[in-house]
Amino acid sequence: MAHIPTPDFGMVGLGLRREMLGELDGAAPKQIEFMEVAPENWLKLGGRFEKQFKQLTNTNHFVCHGLSLSIGSPEPLDLEFVKSLKPFFDTHNIKVYSEHLSYCSGKGHMYDLMPIPFTEEAIKHVVSRVKQVQDILERPLALENVSYYGAPGKQLTELEFTNAILEQADCQLLLDVNNIYVNSVNHGYDAHAFLAALPANRIAYAHVAGHYNEAEDLIIDTHGADVIDPVWQLLDSAYETHGVFPTLLERDFNIPPINVLIEELDIIHQLQAKHLQLLSTEQSA
């Protein structure tokens, strides 16, 4: 088992949605050690929402997971948007900034995450853009392995493509465990082998989420349901393989009360405690 140092923002997190603000009332339950928001949803807020958000960021750890950077787009980066992120991150003490290894814009915004062709040319294009973003923000970018339903122009495997970008751009990985499971079913590969081949030293944190089974061989990544047992088992395998790392629960719709979400957070806590105990036992043997 690899050992990943404990970060300064906690080990178990929850994606914050505006519907949750009333329940949180400025403070998070102890099971929520950090929270995640999309900066696009909070950058220009004012009034009551801005006050509530600042109250939360003053007393809790936060990371950001972006929606519109469009790192693989053929169009130029929106540099004004990237520059606007830095003061936002500083104001709210954002610990990590992550984005999707995909694109969502061309001549206009598509409001969906499109797969980047798995090619050497695309690797060079993405690496250049990641370096540009990191230079502006003066902090590393973490890229999330995404779910996808087609692979246009494919020359490399998803794994080869992902690892090449992480290495060449010298960036971090947002390890989405659910996406690995979804893709393994949709594209017929071994989820555990894919997971094991990712670089442990680049994992910033992880996501787990629920999904929707459209058919026996087609899963849609929705973040609208409970995490299923095979995804929990894959997270367990991830801790065994790569060490224990921060892990966040995503829920984007069909959002239950916080106390129900905490039941899933407790599973993350339990899995982490199990592997930390195993590591402690190994080290003392």
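Predicted model: local features only at pLDDT ≥ 70, side-chain atom pairs only at ≥ 80, totals over all residues.
**Talking through a barrel model**

Colleague: What about overall dimensions, so what box do the C-alpha atoms fill?

Modeller: Taken along the principal axes, the C-alpha atoms of the protein chain fill a box of roughly 50 × 45 × 40 Å. The radius of gyration is 18 Å, which agrees with a compact globule, because a globule of 285 residues would have a value near 19 Å.

Colleague: Switching to the fold, how many helices and strands are there?

Modeller: The protein chain has nine helices and 12 strands. Eight strands make a closed barrel with parallel pairing, in the order E1-E2-E3-E4-E7-E8-E9-E12, and the twist from one strand to the next averages 30°.

Colleague: Take E4 and E7, then: over how many bridges do they pair?

Modeller: Strand E4, residues 94-100, pairs with strand E7, residues 141-144, in the parallel sense over four bridges, and Ser-98 stands opposite Ala-142 in E7.

Colleague: Which strands does helix H8 lie across?

Modeller: Helix H8, residues 229-242, lies across strand E9 (203-208) and strand E12 (247-249), and runs at about 165° to E9.

Colleague: Last one, on contacts between residues at least 6 apart in sequence: what share join residues at least 24 apart?

Modeller: Among those contacts in the protein chain, 80% join residues at least 24 apart.

Technical notes
Residues numbered from 1 in each chain as written. Heavy atoms only, no water. Pairing = 2+ DSSP bridges. Helix = DSSP H or I, 4+ residues; strand = E, 2+ residues; numbered from the N terminus. Axes fitted to C-alpha atoms, helices over the stretch in contact; angles between N-to-C directions. Contact = heavy atoms within 4.5 Å. Rg over C-alpha atoms; globule rule 2.2 N^0.38 Å.
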